[in-house]
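Subject: The structure we talked about

Hi,

Here is the structure I promised to pass on. Have it open while you read, and my notes follow below.

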Amino acid sequence: MDIVRITPYESSAIREFASVMVDAFATEGIHAYALDLKRGDSRQARLRTALAELQSCTCDTDHILVARSDGRVVGGALLSRNASHPLHVRVRYAVRWLRVALRLLPAVRWRRLYRLLRATKLSRSIAGAHYTLSALVVRPDLQGRGIGSALLAEVHRVSECDPGVLGVY
């Protein structure tokens with residue numbers, strides 16, 4: 001494996017990054033807990049959902065970081081600033097995401113999802129400007145090689161370059 005380069009998002013990498021997200025979340029994280037990933041069309045539905053999520057992160061306050069090695073995407077991070085988007089933008093993204101996520105409904109483990117939502121609910125909202133790290137993913141076969149650490153270092157660098165931000169959550 002070559003040296004890993006962390007670069008900002010390029011539209012040519014969106015499908016490959018979405019595929020890395022799907023593969024990484026299939027082995028761990030909330031997707032493996034809340035979804036029945038053995039269902040037949042689950043991977044395609046999750047891929048469409050990941051693409052919709054990546055396409056909704058194209059605001060100037062959002063950062064999509066891509067880790068590349070040997071010319072391929074091996075990981076990435078989604079970092080969003082808590083800026084308030086206009087209502088029509090939020091509705092457009094929500095409708096797009098819901099349209100593709102509907103195919104995941106048969107795979108949802110509803111009790112687990114409810115417990116997960118209760119467990120991760122904040123007791124109070126975060127005051128002040130901050131970034132939310134929505135996803136930090138590395139291809140499962142390349143985990144443990146420092147790619148996630150390099151991505152996290154770049155996430156911190158991005159947040160520290162924004163003087164009005166309190167931190168990353």
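Let's start with a charged pair: the side chains of Glu-10 and Arg-68 form a salt bridge, with N and O 3.3 Å apart. (A salt bridge here is a side-chain nitrogen of Lys or Arg within 4 Å of a carboxyl oxygen of Asp or Glu.) Glu-10 sits in the loop between β1 and α1 while Arg-68 belongs to strand β2, so the pair ties together parts that are 58 residues apart in sequence. Helices (H or I, at least four residues) and strands (E, at least two) are DSSP runs, numbered from the N terminus. Glu-10 is partly exposed, at 36% relative accessible area, whereas Arg-68 is buried, at 12%. For those words, buried means under 20% relative accessible area, exposed means over 50%, and partly exposed is in between (1.4 Å probe, protein chains only).

Before going on, a word on where this comes from. This is a predicted model, in which local features need pLDDT of at least 70 and side-chain atom pairs count only at pLDDT 80 or more, while totals for chains, interfaces and linings use all residues. Residues are numbered from 1 along each chain as its sequence is written, and side-chain values use heavy atoms, with hydrogens and water left out.

How many salt bridges does a search of the whole structure find? It finds 3. Besides the pair above, Arg-139 and Asp-141 meet through their side chains at 2.5 Å, N to O. Arg-139 counts as buried, at 19% relative accessibility, and Asp-141 is partly exposed, at 47%. Then there is Glu-154 with Arg-157, whose closest N and O atoms are 2.7 Å apart. Those two are 3 residues apart in helix α6 (residues 147–160), so about one helical turn separates them. Glu-154 is buried, with a relative accessible area of 18%, and Arg-157 is partly exposed, with 43%.

Now for a charged residue without such a partner. Arg-46, in helix α3, is buried yet has no salt bridge; the nearest side chain of opposite charge, Asp-23, is 6.4 Å away. (Lys and Arg count as positive, Asp and Glu as negative; His and the chain ends are not counted.) What does the side chain of Arg-46 reach at 3.4 Å? It reaches the backbone oxygen of Val-22.

Next, the strands. Two strands pair if DSSP finds at least two bridges between them. Strand β1 (residues 5–8) runs antiparallel to β2, and 4 bridges join them; there, Ile-6 stands opposite Ala-67 in β2. Moving on, β2 and β3 are also antiparallel, with 8 bridges. Look for Ala-67 opposite Gly-75 in β3, and for Asp-62 opposite Ser-80 in β3. The hairpin of β2 and β3 has 2 residues between the strands, and in it Asp-70 takes a positive phi near 55°. Finally, β3 and β4 run antiparallel, joined by 7 bridges, and Ser-80 has Thr-132 in β4 as its bridge partner.

Why call β2 largely enclosed by the rest of the structure? Because 7 of its 8 residues are buried. β3 is mostly covered too: 8 of its 10 residues are buried.

That leads to the inside. In soluble globular proteins, nonpolar side chains tend to be buried together. A nonpolar core, as used here, is a set of buried Ala, Val, Leu, Ile, Met, Phe, Trp, Tyr and Cys residues joined through side-chain atoms within 4.5 Å. The largest one has 20 residues, and Phe-17, Met-21, Leu-54, Ile-64, Leu-78 and Val-137 touch the most other members. Two or more residues come from each of α1 (14–27), α3 (42–56), β2 (62–69), β3 (72–81) and β4 (131–138). α1 gives the most, with 8 residues.

Leaving out residues up to four places away in sequence, Val-137 touches Phe-17, Val-20, Met-21, Ala-24, Phe-25, Val-74, Gly-75, Gly-76 and Leu-151, where contact means heavy atoms within 4.5 Å.

How values were computed. Lys and Arg count as positive and Asp and Glu as negative; His and the chain ends are not counted. A polar contact is a pair of N or O atoms within 3.5 Å; within protein, one must be able to donate a hydrogen and the other to accept it, and residues adjacent in sequence count only if both atoms are side-chain atoms.
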